[in-house]
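Trainee: Could we go through this model together? I would like to start with the charged side chains.
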Amino acid sequence: MAAERIFDRAVSVRVRGCSCEERRLNVRVNIELLSISNPVHKKDLAVRLTDDTDPFFLYNLVISEEDFQSLKSQQGLLVDFSAFPQKFIDLLQQCIQEQNKDIPRFLLQLVSSAPALDHTPVSLNVVETNPFKHLTHLSLKFLPGTDADIKKFLANCLKCLKEDKMVLEEKLRRTEEDLTRQLSYTQQSLSEKSRELEKLKNEWTSYTTALSNKHSQELTSEKERALQAQTQYQQQHEQQKKELENLHQKSIQQLQNRLSELEVINKDLTERRYKGDSTVRELKAKLSGLEDECQRAKQEVLSLRRENTTLDAECHEKEKLINQLQTRVAVLEQEIKDKDQLVTRTKEVLDATQEQKVILEESTEEKHRHIEKLETTIKSLSAELLKANEIIKKLQGDLKTLMSKLKLKNTVTIQQEKLLAEKEEKLQKEQRESQEMGQSLRMKEQEVCKLQEQLENTIQKLEESKQLLKTNENVITWLNRQLSEAQMAKKLDSPASAHAGGRAAVSPLSMPDRPSFHSSGLSHPISPLYAFQNFLEPIHSKNGNSQCPVSKVQLSSQLLKATRCSDAHTVPAAGHAANKENGEQLGLDSKYLKKKDDSIPLRGLSQNTLNSEYLRPCLPAKAQPVPRAAGTPASAYFPGS
């Protein structure tokens, strides 16, 4: 019987038991094709479920071609037995892809009828979730492994572990041999490189001492030359001093420009000198770093030797520790990884040392060239320094004269600053005064605006009072007409009233039409008594202290009776008039008091308003009321009656 492994991978499965919460479990699915040739050649599909953490977790399923036909008819599969393994593996791949998502589309469910997976049959379902429901694509029933099956499975696991152990031991032996060879090679290379470093150190010390001696000699010689040149230039300076004084003012600007250029050159030279010192320091630091690295490499070699001894002891102990193979294999793998890292590190260190050696050789050649360039520059600089010293001495004398001029300028500027400070204080005072004046102007402008508003209000009130005066004049003329007509009616009715005995009828048709005042803006008829009353009220409220040239006389009740009789249908008798004088108020008839939509409501004129002190100055001379004695008729007080 030959077995061909098709699929072997760990998959996350949701375990569901009877009356238990759903939980996740990592299960290793192993699919194999078993080919049996005795007595008939046929193929079976074997599926095994195991757990890497639990060695006793084992579920088996063997599907033959006859079993597959029944499964195909039960679950409505459309695939043949030859294509079924690949399709099942594709479903498992989709479940693996979706297992890390929050809402996976494909799930693997391990369902058991018992509350726990304790040697009970289990069904493995491949479920697809859609928005409507869960669709089970495939459901396979697994049987728990018996004790014999578990023993076989564990024996196979031990066999595989032993084979892996043998392979690992061979790898360890090979790696140890390789490491010993590499250690010997690295030790030889380190010894050679240490010798080369010592040679380089000796050469560098000798070279630096020679350079320092050369520089010291050159500096002393250049100092002597500079002193000699300085004495010669001093003599020449005294001769040319008189000539230079005349040309001093013209050459100041040129010398200043030359000074700036020389300062830049001096800075460049100093920077070059500092750079040369820094390069020397860097080379010393690199040498110290290489020495430290050599010491570290020696320490690492010692540690590797110690580790080799420990590994030999561990190899002898591994034969005794077969029951602890699982834990020990993991430890060995970690140690192998560490050793691989150490090997790679040693290789990197060797490569780095070789590269540093090449770099040092190149840097030494560049430094030789740089030193030659420095020697040429120092020679040129010595000549330029001598010229610069002469120019500096000339400029020092010029600076003294400039400093004296600057002192004079400073005194002048101090005086000017004092004057400026005084002027600034005056300006601040004037600005404060101008701000105060501006605030006062704003206050006055606000007062002027208020006064203008008051003027506008008073003008409006004057116009209203003029309109009221016009309406009042019209009312007064109308009242005079009413009075004259009432007097004429009384003259005509006086003999008839004497014979008839006290009562005469007046036709309502004899009432004159009520005037409409166009000047006041009223287009509807207004009751004269109402207009007169409204005219008297504002005058009484506003002009209470106004004086009138005409004497103040109160109207009698008879005048009121005469005016009211003209508006009424009938004239009351004398006895009734006497009673009304004593206490009753006289008013208009009820038909004149009805409210109209297009007119102002009519109100009766009370006796107190007509007896006010403002009525008499507004009446004409003919209609002036005269006080009468009790019992005299009203007609006796009107002339011409």
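Trainee: Is E291 buried, partly exposed or exposed?
Mentor: In this predicted model, E291 counts as partly exposed, at 33% relative accessibility. Buried means under 20% relative accessible area, exposed over 50%, and partly exposed in between, with a 1.4 Å probe and protein chains only.

Trainee: Which side chain does E291 meet in a salt bridge?
Mentor: E291 meets K201, at 1.8 Å from N to O. E291 lies in helix α4 (residues 248–318) and K201 in helix α3, so the pair ties together parts that are 90 residues apart in sequence. K201 is partly exposed as well, at 30% relative accessibility. A salt bridge here is a side-chain nitrogen of Lys or Arg within 4 Å of a carboxyl oxygen of Asp or Glu. Helices (H or I, at least four residues) and strands (E, at least two) are DSSP runs, numbered from the N terminus.

Trainee: How many salt bridges does the structure hold?
Mentor: The structure holds 12. One of them joins E196 and K357, at 2.8 Å from N to O. That pair links distant parts of the chain, 161 residues apart, with E196 in helix α3 and K357 in helix α5 (residues 325–500). Salt bridges also link R5, D8, R28, E32 and D52 in a network.

Trainee: And what does E98 pair with?
Mentor: E98 forms a salt bridge with K101, with the closest N and O atoms 3.3 Å apart. E98 is buried, with a relative accessible area of 15%, whereas K101 counts as partly exposed at 45%.

Trainee: Changing topic, which residues touch the most other members of the largest nonpolar core?
Mentor: They are I31, L49, F88 and L110, in a core of 37 residues. Helix α2 gives the most to this core, with 7 residues. A nonpolar core is a set of buried Ala, Val, Leu, Ile, Met, Phe, Trp, Tyr and Cys residues joined through side-chain atoms within 4.5 Å.

Trainee: What is F88 in contact with, leaving aside neighbours within four places in sequence?
Mentor: F88 is in contact with I31, V47, L124, V126, L138 and L140. Contact means heavy atoms within 4.5 Å.

Trainee: Which rings are linked with F88 into a cluster?
Mentor: Ring pairs link F68, F81, F84 and F88 into a cluster. The whole structure has 5 aromatic pairs. F68 and F84 form a tilted one, 5.0 Å centre to centre with 55 degrees between the planes. Both F68 and F84 are buried. Rings of Phe, Tyr and Trp (its six-membered ring) pair if their centres lie within 6.5 Å; planes under 30 degrees apart count as stacked, over 60 as edge-to-face and the rest as tilted.

Trainee: How many disulfides are there?
Mentor: There are 0 in the whole structure, a disulfide being a pair of cysteine sulfur atoms within 2.5 Å. The sulfur of C157 is 6.5 Å from the closest cysteine sulfur, in C160, which is too far for a bond.

Trainee: Finally, where is confidence lowest?
Mentor: In helix α8 (residues 574–582), with a mean pLDDT of 40, while helix α2 (residues 84–98) is highest at 90. The chain averages 76, and pLDDT is the predictor's confidence in each residue, from 0 to 100. Local features need pLDDT of at least 70 and side-chain atom pairs 80 or more, whereas totals for chains, interfaces and linings use all residues. Residues are numbered from 1 along each chain as its sequence is written, and side-chain values use heavy atoms, without hydrogens and water.
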